[in-house]
Amino acid sequence: MKACGLVVEYNPFHNGHVLHARESREKTGADVVVAVMSGPFLQRGEPAIVSKWTRAEMALNGGIDLVIELPYAFATQKAEIFAKGSISLLESLGCDSFCFGSEDGRIEPFITAHRILSDNSVAFDAAIKSAMDAGNSYPASAAQAYRSIINDDAGLDLTKPNNILGKEYVSAALSNGYSIRPYTIQRVAAGYHETKLSNDPIASATGIRKAIHEHQELNSVSSYIPQQTMSGLEQYLTHYHALHDWEMYWPMLKYRILSSSLTELAGIYEIEEGIEHRIKEMAKQSSSFSGFMAALKTKRYTWTRLQRMCVHILTHTLKEQVIHNGQPAYIRLLGMNGRGQEYLRTVKKGLALPLISKLSSYQKQDIDTDLRAAQVYALGLPEPHQAALMKREYESPIISRSRMV
């Protein structure tokens with residue numbers, strides 16, 4: 001069986017994701033589509049709108065055959081590390097290919113860009129450092145350095161978010177000599193960061209979440225998401241009485257910041273260059289997470305990077321707890337349909353990493369960070385749902401398409 005891997009967050013699963021899954025299957029000739037999906041906290045440093053279990057179920061109902069979790073230590077990272085963790089898991093699971101959406105829509109410019117930058121890595125790193133020393137953010141510095149090295153030989157626009165991630169996916173595969181083959185499809189309609197909803201049935205997840213939180217109801221996004229996603233969101237609201245966002249964690253985050261010393265804050269992963277002083281000062285003055293972020297933002301630090309810092313503070317993730325060798329230590333299974341189960345049977349004995357379907361049977365320290373993140377995520381809910389979601393992390397079997405919440 002041929003398997004194609006997708007790197008996803010599904011926050012929430014929408015019409016564009018249905019198209020991505022269908023076109024990826026067709027383009028690669030895959031029998032099975034595997035999604036490696038972020039868990040409770042995401043690459044842009046935000047809590048997922050609903051639990052990973054509900055998002056995995058949405059995916060299974062939307063054309064995905066098998067869903068595995070990208071560990072916290074890779075999911076809440078800059079693009080390079082996020083991509084390394086994701087592609088290494090898909091390689092470990094025996095996927096023949098992976099397919100990502102991009103603004104460019106052609107795979108050749110990504111391969112060319114990787115080769116040129118690999119051949120000029122010293123100059124590229126020096127150009128990034130020079131741009132950052134001038135006060136620019138890392139993404140802006142990387143795009144500027146890329147333009148200075150590439151000389152339009154690849155013609156790849158690295159100011160576009162999906163192109164940035166795509167370049168890192170391709171680099172992760174090629175630089176590690178993986179057998180998994182890269183493909184890309186054109187991203188259509190709304191851009192990755194687009195916040196406004198239009199008449200087009202494909203909207204960005206950012207725009208969908210914004211509409212939900214602004215209107216405080218789900219009907220405003222019904223034309224942009226599959227019916228199964230709508231049912232999943234409705235069931236989650238009915239069961240847990242909440243959809244997650246940063247504001248529900250603000251009291252906990254503010255407590256963590258104000259009750260920690262500057263030395264303790266400096267020990268948190270990604271807290272660098274003395275920004276702990278600014279974080280503490282802005283937390284004292286702020287009454288909401290949005291107000292805190294607006295006060296905290298500077299030219300040097302992107303909103304996304306600052307949010308990731310906040311996630312690591314919230315989960316108390318220390319620098320020494322995040323050590324990367326480029327590959328996760330396990331494959332965490334979240335859900336599958338019949339086709340996904342058949343594929344697992346064919347590859348299970350040859351897997352180089354342990355396959356985890358139930359945490360109670362896996363006690364290694366490797367997964368402690370994931371467990372802590374899941375527990376903190378559950379703290380956003382009222383009791384008794386808080387305890388129930390924590391318990392599910394340990395005791396529940398993988399989901400089937402008949403379970404949603």
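**Entry 1: a buried charge**

I began with a term: a residue is buried when its relative accessible area is under 20%. The model I examined is a predicted one. I then looked up Glu 9, which is located in the loop between strand 1 and helix 1. Which side chain of opposite charge is nearest to Glu 9? I found that it is Arg 55, at 6.6 Å. Glu 9 is buried and yet has no salt bridge, and a salt bridge requires a nitrogen of Lys or Arg within 4 Å of a carboxyl oxygen. I did find a polar contact for Glu 9: its side chain and that of Ser 38 are joined at 3.3 Å.

Where does Pro 384 lie? I placed Pro 384 in the loop between helix 17 (368-378) and helix 18 (385-395). I recorded these bonds because most peptide bonds are trans.

**Entry 2: positive phi values**

Next I turned to backbone angles. Most residues other than glycine have a negative phi. His 241 has a positive phi, near 60°. I located His 241 in the loop between helix 10 (227-240) and helix 11 (250-259). Is His 241 buried or exposed? I read a relative accessible area of 56%, so His 241 is exposed.

His 316 also has a positive phi, near 55°. His 316 belongs to the loop between helix 15 and strand 6 (331-336). I noted that His 316 counts as partly exposed because its relative accessibility is 36%.

**Entry 3: nonpolar cores**

How many residues does the largest nonpolar core have? I read 71 residues, and those with the most contacts inside this core are Leu 6, Tyr 10, Ile 64, Leu 253, Ile 279 and Phe 292. The largest share of the core, six residues, is contributed by helix 15 (residues 303-314). I also noted a second, separate core of 56 residues, which includes Val 34, Phe 124, Ile 149 and Ile 180.

**Entry 4: helix 7**

I examined helix 7 (residues 138-150), which has 13 residues. From its first C-alpha to its last, helix 7 reaches 18 Å, close to the 18 Å expected at 1.5 Å a residue. Which residues of helix 7 are buried? I listed Ser 141, Ala 142, Ala 143, Ala 145, Tyr 146, Ile 149 and Ile 150. These buried residues pack against helix 5 (108-119) and helix 6 (121-133).

**Entry 5: salt bridges**

I closed with charged pairs. Side chains of opposite charge can pair when their charged atoms come close. The structure holds 17 salt bridges.

One of them joins the side chains of Arg 209 and Glu 46, at 3.2 Å from N to O. Arg 209 is in helix 9 (residues 205-215) and Glu 46 is in the loop between strand 2 (32-38) and helix 2 (52-61), so the pair ties together parts 163 residues apart in sequence. I noted that Arg 209 is buried, at 12% relative accessible area. Glu 46 counts as buried too, at 16%.

I also looked up Asp 104 and Arg 106, whose side chains meet in a salt bridge of 3.2 Å, N to O. Asp 104 counts as buried, with 16% relative accessibility, whereas Arg 106 counts as partly exposed, with 44%.

The last pair I looked up was Glu 214 and Lys 210, with a salt bridge of 2.5 Å, N to O. Why are Glu 214 and Lys 210 separated by about one helical turn? I reasoned that the separation is about one turn because the residues are four apart in helix 9. Glu 214 counts as exposed at 53% relative accessibility, and Lys 210 is partly exposed at 35%. Finally, I noted that salt bridges with shared partners join Lys 52, Glu 69, Arg 332 and Glu 393 into one network.

Conventions:
Residues are numbered from 1 along each chain as its sequence is written. This is a predicted model: local features need pLDDT of at least 70, side-chain atom pairs count only at pLDDT 80 or more; totals for chains, interfaces and linings use all residues. Side-chain values use heavy atoms; hydrogens and water are left out. A nonpolar core is a set of buried Ala, Val, Leu, Ile, Met, Phe, Trp, Tyr and Cys residues joined through side-chain atoms within 4.5 Å. Buried means under 20% relative accessible area, exposed over 50%, partly exposed in between (1.4 Å probe, protein chains only). Helices (H or I, at least four residues) and strands (E, at least two) are DSSP runs, numbered from the N terminus. Lys and Arg count as positive and Asp and Glu as negative; His and the chain ends are not counted. A polar contact is a pair of N or O atoms within 3.5 Å; within protein, one must be able to donate a hydrogen and the other to accept it, and residues adjacent in sequence count only if both atoms are side-chain atoms. The expected span of a helix is 1.5 Å times one less than its number of residues. Contact means heavy atoms within 4.5 Å.
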